[in-house]
Amino acid sequence: KYMTAEPFRIKMVEPITRSTKAQRQQWLQEAGYNAFRLKSEQVYIDCITDSGTSAMSQAQWSAMMMGDEAYAGCRSFYRLEASVQDIFGMPYVQPTHQGRAADYIMTQIYCRPGAYAIGNMHFDTFRGNAEMMGCLPVDYAIAEGMDTASAPHPFKGNIDLNKMQSLIDEKGAENICVCIITITCNNNGGQPVSMQNIREVSALCKKYNIPVVLDSARLAENAYFIKTREPGYENKSIKEITNEMFSYCETATMSSKKDGLVNIGGLFVTRNKSVYEQANQLAIVHEGFITYGGMSGRDMEALAVGLQEACDFDYLDYRIKQVAYLGEKLKERGVPIIEPTGGHGVYVDGRRFFPQIPQSEFPSQRLVCALYEEAGVRAVEIGACAFGSIDKITGEPVYPAIEAMRIAINRRVYTNNHMDVIANALGDIYENRDQYRGMKIVHQGSIQSLRHFTAGFELL
Ligand code: F0G
């Protein structure tokens, strides 16, 4: 009962910078009120993403010394391949430089202009790829998952089978090119997808010959939720669960910057030989030769080890409970969050936090700025800026169902003292929430679905 602290001790430290509120106000203004444009040294606790920010273990660092940097057929590739096969249970492994490159390859193979790509909630890099190709992504997470104020539900990442069936009936199965299940579902809270749902979605797709792809950046966290929440899985190992999850898909993409516990890299994994061969061709043009695909030998070594560590139950138990700890602390201060907390962060409901700020004035982005100003904590908006779109017919802005600020928690990096700082700062802002007004965008880039990375704002 005492084994509740971190299942590791800290051997190396990286100093972070404290700052004053006046400095942060100045820096924020210089960054156009966009947290992506802050320098990391201007940030005290960085929760903009859980991607590429993990602390590596001693085993990973020592594996890096074994990197084989041969252009073709390097030893490190075969080590990575074996580790991936062990967890994914699929034979063909094409490394990529990061997840979006795997998205790109997958889009080229599975998608086409004018066809629909069904998903629970597609991640923005797939959306960007689809937008450039003219493929039509649709988000069919269950209703509970699309409502940030809804009651807790164990698997808010699940896909609504009725919505899928209606689209198939309405448009014809031949006009649906792929179904992508994102595990965990990043865009609505790092919410898991149940094994039952993966199985049922896969069965429906099989009936209509629609290929299934798992976007598996957070595959181990999803497996942890299945083990701890889904009846029948409590005695299965994390790897048994991951193997079963992937048994229901043809192909998986992965940003290894999350559950790979490394700083860079991606994977395209498939059981279909001809798909693999197409992926090889695309990789050679865009990524690198098939046995490295944009990764160095040492990075593949670190990933081979990191994937195994991410499937360790004690690690996952610590990881998910740290996220839940922050959620509990925020709830104690009355801060409205998406419940239950998910795998990789806590998502604060922008509309319930700032009811006086309409979506057209970016309440969650305002909260990102307020949190940075208050405590030097950098979070990220996932709301009207990141997911807002323009109606192609009327030209009017369309606002997303999810309006939130994501506080992403890095893996093995921060302690619960850092979580307390975040909770206290947000609690204080919440007490003074009436004093805040909205924001407007003053410039943005040309790809609408990626505008949040570079947009500039002004305070209203
Ligand atoms: N798929 C999912 C579900 C993701 O969360 C990400 C990245 C990608 C694909 C793209 O991978 O960054 O390696 O190219 N998510 C990060 C985030 C950036 O902050 O959630 P990438």
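Several elements cover the buried residues of helix H8, including helix H7 (195-207), helix H9 (238-247), strand S7 (251-255), helix H11 (297-310) and helix H12 (313-332). In this predicted model, 9 of the 11 residues of H8 (residues 219-229) are buried, so the helix is largely enclosed by the rest of the structure. The buried set starts with Leu 219, Ala 220, Glu 221, Asn 222 and Ala 223, and carries on through Tyr 224, Phe 225, Ile 226 and Lys 227.

Strand S7, part of that cover, also belongs to an open sheet of 7 strands with mixed pairing, ordered S2-S8-S7-S6-S5-S3-S4. Strand S2 (92-96) and strand S4 (136-139) sit at the edges with a single partner strand each, so one side of each has no neighbour in the sheet. From one strand to the next, the twist averages 20 degrees.

Further along the sheet, strand S5 (residues 176-182) and strand S6 (residues 212-215) run parallel, paired over 4 bridges. Cys 179 has Val 212 as its bridge partner in S6. Helix H4 (residues 99-110) lies across S2, S5, S6, S7 and strand S8 (266-270), and runs at about 155 degrees to S7.

As for confidence, the protein averages a pLDDT of 96, and 100% of the residues score at least 70. For the complex, the predictor gives an ipTM of 0.99 and a pTM of 0.97.

Terms used
Residues numbered from 1 in each chain as written. Predicted model: local features only at pLDDT ≥ 70, side-chain atom pairs only at ≥ 80, totals over all residues. Buried ≥ 20, exposed ≤ 12 C-beta atoms within 10 Å, placed from the backbone. Helix = DSSP H or I, 4+ residues; strand = E, 2+ residues; numbered from the N terminus. Contact = placed C-beta atoms within 7 Å. pLDDT = per-residue confidence, 0-100. Pairing = 2+ DSSP bridges. Axes fitted to C-alpha atoms, helices over the stretch in contact; angles between N-to-C directions.
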